[in-house]
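Please keep the sequence and the coordinates at hand while reading.

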Amino acid sequence: MTLNVIVIGTGGVGKPALRALLDNPTYNVVGVWVSSNAKAGRDAGELAGIDRTTGIVATTDLGELLAGKPHCAVYAAIADTRMLEALDDYRRILQSGVNVVGTGATFLQNPWGVVPEELYRSVEEAAQAGGVSLYVNGIDPGFANDIVPFALAGTCQSVEQIRCIEICDYSTYDSALIMRDLMGFGRPLEETPMIVAPGALTMAWGSVVKLGAKWLGVELDDITEHSVRVPAPDAFDTAWGHIAEGTAAALRFEVAGLVDGRPVIVAEHVTRMRDDLCPEWPRPATGSYTYRIEITGEPSYSMDFNLSSRNGDHAHAGMVATASRVVNNIPAVVDAAPGIVTTLDLPLPSGKGLFRRA
């Protein structure tokens, strides 16, 4: 069965999502929503960066796309800096009877007991009313914190701790909105950026920490968060902008789920704006970007996996992985019971439609 899909947003994640859908015979793209008049009227193939005309013209009218009753919407519009608007969008789409896969807001991966009920209850009710499902995920929070560590830990006799670490040079990530405004790079250290405001890290990564605990069958006593920001020793430029001497240039944080005062499920990030910063912090085994899974148990595991792409650097590869994580789960989400669903509710995605001849 071919699934009719619409794409909402064609930015850093939306563009590879749209391309993945257009290249996969499992899906029939029936509409593309864009936020700007500059993109409205342009062909989906152009917006996806592929060399063909599709006849699908982008629009700013979401109601028009929902009226066509597609099987699923891919929500790739930014949510981190416009959370309430994103939640309104989700409610509208779900109430119209359209399933949704999305990459934010990340707490929707597993919101129960992580954020106040008022942030997700109306979304869940909208899904129930529409008889459809919502699945939110990505690469991290997401894939690097759930399927990969669960697969490794699934071969253990016992598990004491699961630690998932992203170690990355983010200087090539071309988004000042995310790097400067959300994460605080290039900002004075006395300013508190959104990402490390009290409770923000738990809102973003608490969902996957709770999901890991649920997978292990343990009840967490508490979720703690900790962060350290380090200034630039000198001024330098990045793909997204200038970092002045003394402003934030490196960030390390962790969100830990505790049992009996001990960290059992941990999501950690080590983020640099230049490779030589904070040499004492964990580093990738090779390159500038890795995900490291450390499982303490019997047996114990330590595994690094790196992302790369023929079409860009690790930042580009991460965007493609984030988009593909939800796109490849569309058939399972369409078949799922109504409501918010998590990785634990879905089977592994099928590889149908992914093969390409070299």
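T271 belongs to strand β11, which spans residues 262–272, in what is a predicted model. The residue has a relative accessible area of 0%, and because the limit for calling a residue buried is under 20%, T271 counts as buried. Leaving out residues up to four places away in sequence, T271 touches C168, Y170, M183, F185, A250, L251 and W281.

Which residues have the most contacts inside the largest nonpolar core? That core has 80 residues, and the ones with the most contacts inside it are L18, L21, V32, M179, W205 and I330. Of these, I330 is in contact with L3, V5, L21, Y27, C72, V74 and V101, once its neighbours within four places in sequence are set aside. Another core, of 31 residues, lies apart from the largest one and includes L66, A79, I93 and A105. In soluble globular proteins, nonpolar side chains tend to be buried together.

Together with helix α1 (residues 14–22), the strands β1 and β2 make a β-α-β unit that is right-handed. Strand β2 covers residues 27–33, and five of its seven residues are buried, so this strand is largely enclosed by the rest of the structure.

The loop between α5 (121–130) and β5 (133–136) holds G131. Is G131 buried or partly exposed? Its relative accessible area is 48%, so G131 is partly exposed. The C-alpha atoms of G131 and L94 are separated by 8.1 Å, although the two residues are 37 residues apart along the chain.

The table collects the exceptions discussed here.

| Site | Backbone feature | Value |
|---|---|---|
| D140 to P141 | cis peptide bond | omega near 0 degrees |
| E298 to P299 | cis peptide bond | omega near -5 degrees |
| K69 | positive phi, not a glycine | near 55 degrees |
| D260 | positive phi, not a glycine | about 55 degrees |

As to where these sites lie, P141 is in the loop between β5 and α6 (147–153), whereas P299 is placed in the loop between β12 (289–298) and β13 (301–305). K69 is found in the loop between α3 (62–67) and β3 (72–75), and D260 in the loop between β10 (248–259) and β11, the strand to which T271 belongs. With a relative accessibility of 54%, K69 counts as exposed, and D260, at 69%, counts as exposed too.

Key. Residues numbered from 1 in each chain as written. Predicted model: local features only at pLDDT ≥ 70, side-chain atom pairs only at ≥ 80, totals over all residues. Heavy atoms only, no water. Buried < 20%, exposed > 50% of the residue type's maximum accessible area, 1.4 Å probe, protein only. Helix = DSSP H or I, 4+ residues; strand = E, 2+ residues; numbered from the N terminus. Right-handed = clockwise from strand over helix to strand, strands pointing away. Core = buried A, V, L, I, M, F, W, Y, C linked by side-chain atoms within 4.5 Å. Contact = heavy atoms within 4.5 Å.
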